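Please keep the sequence and the model at hand while reading.

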Amino acid sequence: MKKKKNTVCKSFFKIKEINDKERIFKVGYKILEFGSFPGGWSKYILDKYKKIFLVSVDLKKSKKLDKKRHFFIKLNIFDKKIINKIKNIYKKKFDIIISDVCPNITGIKLFDKQNFISIIKRLHFLSVFFLKKKKNMIFKILSEGFEKKIRNIFCNFEKIKFLRLKFKKKRSSEMFVYLKKKNEL
Ligand SMILES: C[S@@+](CC[C@H](N)C(=O)[O-])C[C@H]1O[C@@H](n2cnc3c(N)ncnc32)[C@H](O)[C@@H]1O
């Protein structure tokens, strides 16, 4: 099997494992996805749920997988235009935000950790604009030791769960953070 196909397959099975465990998606959901290329998560969602609306964002251009239900934005999540670009496609808030955004890993621990913290803070900022009350968010982190920081950043969320998947590379410290937002006033 070609390398690109493999990447899609791996991601596909990761989101399947998360959804089988936590039931994060429901029919009719409006989903906002960050870090969508090459498209494994998008494919899983669109294949499994017929009545779903998905907006995907990535630095790298991805295919639109469905004419009516899937929209793709090629953009850096740190770009100032992101709020308007998403709002141009869907004006209301989303039922769930999912993120598999992963920066290039340099091997310099302090630098890589700082990069991930910037992404996590950016995801929190975007959740303020785009996530409905009492709704969920899921995102990837690449190492332990972020727990306290994440609890501080996402203090407006009532439940935080750290998920380790069976389907991952050997010795990978990848984890997913699953959050449920409070019913804010
Ligand atoms: C692990 S891959 C995502 C795989 C994807 N979930 C799938 O199912 O195929 C991580 C993605 O994060 C994207 N990414 C990294 N930094 C980003 C940023 N600042 N803005 C947008 N996308 C970013 C990369 O381009 C890459 O495609």
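## Backbone features in exposed positions

Arginine 23 belongs to the loop between α1 and β1, and its phi is positive, about 50 degrees, although the residue is not a glycine. Lysine 134 also has a positive phi, near 55 degrees, and is likewise a residue other than glycine. Lysine 134 is placed in strand β5, residues 131-141, and is exposed, with 11 other C-beta atoms within 10 Å.

A further backbone feature is the cis peptide bond from phenylalanine 37 to proline 38, whose omega is near 5 degrees. Proline 38 is found in the loop between β1 (30-34) and α2.

## Basis of the model

The model is predicted, so that local features need a pLDDT of at least 70 and side-chain atom pairs count only at pLDDT 80 or more, while totals for chains, interfaces and linings use all residues. Residue numbers start from 1 along each chain as its sequence is written.

## Overall fold

The protein chain has five helices and seven strands, taken as DSSP runs numbered from the N terminus (helices are H or I with at least four residues, strands are E with at least two). Along the sequence these elements follow the pattern α-β-α-β-β-α-β-α-β-α-β-β. The radius of gyration of the protein chain is 16 Å, close to the 16 Å given by the globule rule for 185 residues, so the chain is as compact as a globular protein of that length; the radius is taken over C-alpha atoms, and the rule is 2.2 Å times the number of residues to the power 0.38.

The C-alpha trace spans about 50 × 40 × 35 Å along its principal axes, and buried residues make up 30% of the 185 residues. Among contacts between residues at least 6 apart in sequence, 61% join residues at least 24 apart, a contact being a pair whose C-beta atoms, placed from the backbone, lie within 7 Å.

## The ligand shell

Around the ligand there are 20 residues, of which Ser11, Gly35, Phe37, Gly40 and Asp100 come nearest; a residue is included if its C-beta atom, placed from the backbone, lies within 6 Å. At least two residues of this shell are supplied by each of α1 (3-22), α2 (40-48) and β2 (53-58).

By class, the shell has eleven nonpolar, six polar and three charged residues, where Ala, Val, Leu, Ile, Met, Phe, Trp, Tyr, Cys and Pro count as nonpolar, Asp, Glu, Lys and Arg as charged, and the others, Gly among them, as polar.

Methods. A residue is buried if 20 or more other C-beta atoms lie within 10 Å of its own, exposed if 12 or fewer, and partly exposed in between; C-beta atoms are placed from the backbone. Two residues are in contact if their C-beta atoms, placed from the backbone, lie within 7 Å.
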